[in-house]
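Trainee: Could you walk me through this structure, starting with the charged side chains and then moving to the nonpolar ones?

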Amino acid sequence: MDWGKAKNILIIVFLILNIFLLGNISLNALSQNNSKEAIAITESILQSKNIRLESKIPSFTGAMGKIEINDEAYFNMQRAAAKLIGSKVALPSELKSGQRIANQNKEFTMEDNAAFTYRDSNPQEKWDVTQKKSLEKRIRKFISDIGISEAEFVLDSYDQLSDGSIKLVFVHKYQGLYIFSNTMTAVVTESGVKELACSIKKPVGISRDAQKVIPAYKILLTSYGNLPNTVITGIDIGYNMDILDKDMKTFYAAPVWRIKTKDRKPEYFDAIIG
């Protein structure tokens, strides 16, 4: 028998076992601590594994119910189309999913009951894209003018694209909680709004039948504890509609933790079952 090879295999097995046991011990130890202490310990564990936090770990440990959302727009689709395309264009009495309306350099497409995309290949205005606050204020007014209640949305990301244009993404905040799937995305140049995409389904309410939420630090340890060189940029709780059946008229979603990292798409974790 090649004892040298066998010895190496045993060492690897013991290392894997130690990592597994360390994870379980960490979670069990954290369960005995209060939220503040548990978060501090989690930060130390992640730092020791070269995982950088650029966002605070939320201390929320309460209970949340499911959200109910209808498959209809939380705004007037007809009014939005008319404002964006221009009043001189005759719109059909009822817009349908997949319908496209064009007017010179402007194009409006109704993607589904609660979503549209708008593009202007040659905007003719003057916008200052160098100041974040003033740009956000102006795009909010632009959105409000087409009939969407922008006050219920918070700026989620702000990025400069390779062509110099600015991309702003807003997420719906309903009763103090995010609906991550309800978004407004605008691309703005010095000439004006180049693109606007909105997908906003109508929330009905949040169930009073609440369940205890898994703390964010536990999600981080179980899902990111063994991913060195990861940079975590955002940790938020809310709801995300993952719609599989397009024929459904009403949807229900449990709360989720959304974790954003550099160079990766946001990931969503069930906040009730993990």
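**Salt bridges and cores**

Mentor: D145 forms a salt bridge with K141, with 3.0 Å between the closest N and O atoms, where a salt bridge is a side-chain nitrogen of Lys or Arg within 4 Å of a carboxyl oxygen of Asp or Glu. This is a predicted model, in which local features need pLDDT of at least 70 and side-chain atom pairs count only at pLDDT 80 or more, while totals for chains, interfaces and linings use all residues. Residues are numbered from 1 along each chain as its sequence is written, and side-chain values use heavy atoms, with hydrogens and water left out.

Trainee: Where do D145 and K141 lie?

Mentor: Both are in helix α4, 4 residues apart, which is about one turn of the helix; helices (H or I, at least four residues) and strands (E, at least two) are DSSP runs, numbered from the N terminus.

Trainee: Is K141 exposed or buried?

Mentor: K141 counts as exposed, at 52% relative accessibility, whereas D145 is partly exposed, with a relative accessible area of 37%. Here buried means under 20% relative accessible area, exposed over 50%, and partly exposed in between, using a 1.4 Å probe and protein chains only.

Trainee: How many salt bridges are there by this rule?

Mentor: The count comes to 13. One of these pairs is E107 with R100, whose side chains meet at 2.9 Å, N to O; R100 is exposed at 53%, and E107 is partly exposed at 25%. There is also a network of salt bridges that links D156, D236, R258 and K260.

Trainee: OK, switching to the nonpolar side, how many residues does the largest core have?

Mentor: The largest nonpolar core has 34 residues, and those with the most contacts inside it are F108, F116, I139, I148 and L196. A nonpolar core is a set of buried Ala, Val, Leu, Ile, Met, Phe, Trp, Tyr and Cys residues joined through side-chain atoms within 4.5 Å.

Trainee: And which element gives the most to this core?

Mentor: That is α3, with 5 residues, and the elements that give two or more also include α4 (132-145) and β9 (177-189).

Trainee: What does I139 touch?

Mentor: Leaving out residues up to four places away in sequence, I139 touches W127, L168, F170, A186, V188 and V193, where contact means heavy atoms within 4.5 Å. Apart from this core lies another, of 31 residues, among them I51, M64, A253 and I272.
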